[in-house]
Amino acid sequence: MTHSAALVERLRRDIGSERVRTDTVETTLYAHDASPMSGSTSVVCFPESTDQVRAVVLACRDHSRPFVVRGAGTGLAGGATPLDGAVVISVIRMNRVLSVDPINRRAWVEPGVLNLDLSRHVARADREFGLHFAPDPSSQQSCTIGGNVGNNSGGPHCLAEGVTTSHVLGLEVVLTDGSVVEVGGDEPETVGLDLRGALVGSEGMFGVVTKVCVRLTQNPPHVETLLFDYVDVADGAATVSAVIAAGMVPAALEMMDRLCIRAVEEYVHAGLPTDAGAVLLIEVTGSRHQVAHDTERIIEIARAHRCRTVRRAESEEERALLWKGRKTAFGAVARIKPNYYLHDTVVPRRRLPEVLDKIYRIVEEHDLLVLNVFHAGDGNLHPLIVFDRREPGVMERVLAAGQLIVEASVAAGGVLSGEHGIGLEKRDYMPLMFDEDDLEAQMALRRAFDPLGLANPDKVLPSPSGCGDGASIGEGMWV
Amino acid sequence: MAAVPTHLRDLVDEVHDAVSCGESVAINGRSTRTILDHEHSGRVADRVVSAPSGVFEFQPDEMTVRCGAGTTLGELDAVLAAHSQYVNLPGTGTVGGALARGWTSVDRLGRGPVRDVPLESLLVDHRGRLIRLGGPTVKNVTGFDLLRVTVGALGTLGFFGELTLRTRPRAIDSRWFTLDDVDVRRLTEIHTGLYRPSSVLWDGRRVWIHLEGHPADIDDTVARLGLDTTDEPSTPPHRWSMSPAAALQFELSPGDMVEVGVGLVHRREPAPPRPTPVLDVHRRLDEEFDPDRRLNPQIRRFGDGA
């Protein structure tokens with residue numbers, strides 16, 4: 001019996017053959033996530049309990065086989081891409097909301113619960129408390145809470161509420177030695193170091209999360225959704241800085257540039273001004289007088305920065321339409337070119353105009369097209385380079401432009417990723433931000449959790465191997 | 001190691017010199033933070049160092065401030081107040097002390113925990129090297145979040161030298177209120193009926209509520225609940241951590257105060273020591289980040305257990 005066959009036999013024995021897939025057609029589907037990266041695996045497991053996850057991890061340990069945990073596979077940085085024949089552990093069947101404490105605003109859930117399903121569950125079961133899970137990646141209809149924990153995911157409404165780490169109170173985790181541990185939890189000051197904080201955003205490299213205690217957020221009693229349009233994208237960006245400098249942190253502060261506005265308008269018909277250079281979508285939430293006060297001040301600031309028109313959503317339907325335009329922007333771009341390469345960097349807000357200008361120049365110099373739709377409030381850029389991979393030599397130009405965009409962002413005082421993570425995509429860019437000693441400290445943190453190095457190896461921290469390829473845009477692709 | 005900024009040179013050199021000589025070294029701020037009895041190791045450091053102070057860069061439109069870990073919270077607050085901003089760090093000592101201790105103020109319910117405050121740190125490690133953790137922007141998921149692990153580590157993983165912190169806008173209005181004769185049922189009604197109060201404290205009979213925001217919104221809430229204006233209450237010094245549901249069932253002694261919705265009970269008596277969970281990981285962290293226990297040797301390591 002080969003080594004692999006022995007591993008598969010053990011997995012089938014320990015968690016049941018119906019939860020172990022080895023058919024090439026099926027396993028190929030798990031060779032990549034939503035990123036352009038691709039790997040390979042010959043075994044995919046679908047555990048349904050912590051005990052079954054533990055059994056898979058122990059089998060991998062005993063066979064010295066790495067494993068990769070996977071939620072819905074919506075990651076955009078290759079974090080769930082299996083390398084070197086790693087066993088894929090899909091937690092998609094661990095999808096129960098285990099308990100909700102609506103009074104103290106928290107819930108225990110399994111990692112395969114979909115992000116939006118959690119908010120829907122809470123809204124249905126505990127309607128009178130008016131709660132939701134705040135992190136709202138644009139993929140929230142299909143991404144999992146476990147994936148959000150792995151990537152420390154963000155979303156448009158994380159400007160005021162914070163990203164996933166601010167909404168995770170505790171975790172149950174299976175470590176690579178098979179121990180099942182709880183870090184953080186339902187109390188505010190647990191004994192010891194903040195291991196919970198280390199695990200959130202660790203991209204599956206510290207163990208397998210099997211339960212998550214999330215913080216739930218009160219729904220705001222009042223909401224104003226505003227759309228401003230500008231001739232010049234720099235005026236929109238300057239408005240963002242001025243709003244923050246005036247002491248206001250709106251719930252969301254999103255920007256789209258000209259090409260993106262046109263693509264979105266053709267796609268969702270939200271009444272966006274197609275002659276504008278940029279639009280800002282701003283949501284102000286909170287108590288009645290605070291919302292009214294901030295809304296008026298924000299409109300004044302926008303007008304002082306040459307905003308042409310102010311549109312206030314007059315109904316829930318109009319608000320939903322404006323957000324549909326924002327959240328489906330990446331489905332809309334499929335009408336321009338069939339392929340894309342998406343980046344995710346953060347720059348200081350005040351450097352947005354200059355970095356956007358640099359991005360336009362880089363892309364023009366590489367004879368490509370770029371759309372920008374991004375979380376302007378926290379300086380989180382999402383340059384989306386669109387192209388047709390059938391054009392000879394285009395991938396080289398796309399990758400070269402992408403690298404220059406990342407370098408320009410870091411040179412402007414920014415960082416490599418705001419919400420997609422490092423995964424495989426940006427692993428080899430890490431030295432742009434960190435020197436050897438810094439990276440060794442991060443490696444030491446990983447060794448403390450996973451001395452065997454079996455959990456999703458070769459991600460996040462640089463190593464010699466490289467990768468990168470183009471992906472096709474599907475309807476409703478997200479960022 | 002990255003180039004050492006001038007203002008960190010003394011700290012880096014001193015730690016490097018100490019550990020090169022086989023000495024242990026402690027860092028001291030203003031000595032305002034509580035170290036619990038069971039957190040003492042009984043050892044004494046060969047040397048004592050301090051972190052630099054001073055606000056190096058404040059960007060109101062970024063809502064970030066970069067300062068030395070030895071900067072006092074009063075000094076920092078004076079700079080931020082000019083632009084109606086603040087950092088969510090409690091107490092009167094230094095920035096580094098607040099983060100090393102990691103305890104949050106009674107406003108955690110509305111303002112969040114201290115661990116969410118730092119964005120980037122230059123940390124002096126056990127070999128006297130400068131390590132960069134995190135990044136300077138308000139949003140960042142680049143690499144593992146080692147910075148968060150150092151918050152509350154009492155300097156056992158390294159010494160904070162310089163920090164970039166997230167600032168917040170000050171509310172237009174901020175007032176404390178109180179209400180008497182509040183039982184658990186009424187307390188739950190109040191807690192679930194308030195929109196994002198900064199704090200709700202309860203001693204088993206009386207409730208104290210901290211409201212921040214627009215004055216007219218605060219006035220609306222006061223009228224609806226019939227609240228009386230009061231001063232911020234003082235809380236007993238010791239912190240008993242439990243689930244917020246358990247805190248409401250906890251047998252309170254006179255003077256005890258519950259942080260409602262959070263799960264802390266402030267008491268006069270210290271909480272009994274509890275065993276460190278996930279001991280293996282804590283031990284490995286001790287080994288990785290300070291194998292010879294040269295940093296803050298007066299502090300008992302979490303990996304040593306209870």
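Reply:
**Helix α13 of chain A and its setting**

α13(A) is followed by A:Asp367, a residue with a positive phi, near 55°. Helices (H or I, at least four residues) and strands (E, at least two) are DSSP runs numbered from the N terminus. The model is predicted, with local features requiring pLDDT of at least 70 and side-chain atom pairs pLDDT 80 or more, while totals for chains, interfaces and linings use all residues. Residues are numbered from 1 along each chain as its sequence is written, and chains are lettered from A and ligands numbered from 1 in the order in which they are written.

Helix α13 of chain A covers residues 352–365, 14 residues in total. From its first C-alpha to its last it reaches 20 Å, close to the 20 Å expected at 1.5 Å a residue (1.5 Å times one less than the number of residues). Its buried residues (20 or more other C-beta atoms within 10 Å, against 12 or fewer for exposed, C-beta atoms being placed from the backbone) are A:Leu352, A:Val355, A:Leu356, A:Ile359, A:Ile362 and A:Val363. Viewed down the axis of α13(A), these buried residues lie within an arc of 120°, and they therefore line one face of the helix (the arc of the directions from the helix axis to the C-beta atoms). The face of α13(A) turned away from the buried side bears the exposed residues A:Arg361, A:Glu364 and A:Glu365.

Contact here requires C-beta atoms, placed from the backbone, within 7 Å.

At the level of domains (bounds from an automatic or database assignment), chain A is divided into domain 1 (222–331) and domain 2 (337–411). In the contact between them, domain 1 of chain A supplies 20 residues and domain 2 of chain A supplies 14 residues. On the domain 1 side, the elements giving two or more residues are α8 (233–245), β13 (252–257), α9 (258–268) and α12 (329–332) of chain A. α8(A) gives the most to this side, with 7 residues. By class, the domain 1 side has 17 nonpolar, 1 polar and 2 charged residues (Ala, Val, Leu, Ile, Met, Phe, Trp, Tyr, Cys and Pro nonpolar; Asp, Glu, Lys and Arg charged; the others, Gly among them, polar).

Strand β12 of chain A spans residues 222–230; 7 of its 9 residues are buried, so β12(A) is largely enclosed by the rest of the structure. β12(A) pairs with β14(A) (residues 278–286) in the antiparallel sense over 9 bridges, pairing being defined by at least two DSSP bridges. Within β14(A), A:Ala278 is the bridge partner of A:Tyr230. The pairing of β12(A) with β15(A) (residues 309–312) is likewise antiparallel, over 4 bridges. There A:Thr309 of β15(A) is the bridge partner of A:Asp229.

Chain A places 76 residues in contact with 62 residues of chain B. The elements supplying at least two residues each on the chain A side are β9 (180–184), α7 (195–199), α8, α10 (288–304) and α15 (436–449) of chain A. α15(A) gives the most to this side, with 10 residues. The chain A side that touches chain B divides into 32 nonpolar, 27 polar and 17 charged residues.

Methods: Two residues are in contact if their C-beta atoms, placed from the backbone, lie within 7 Å.
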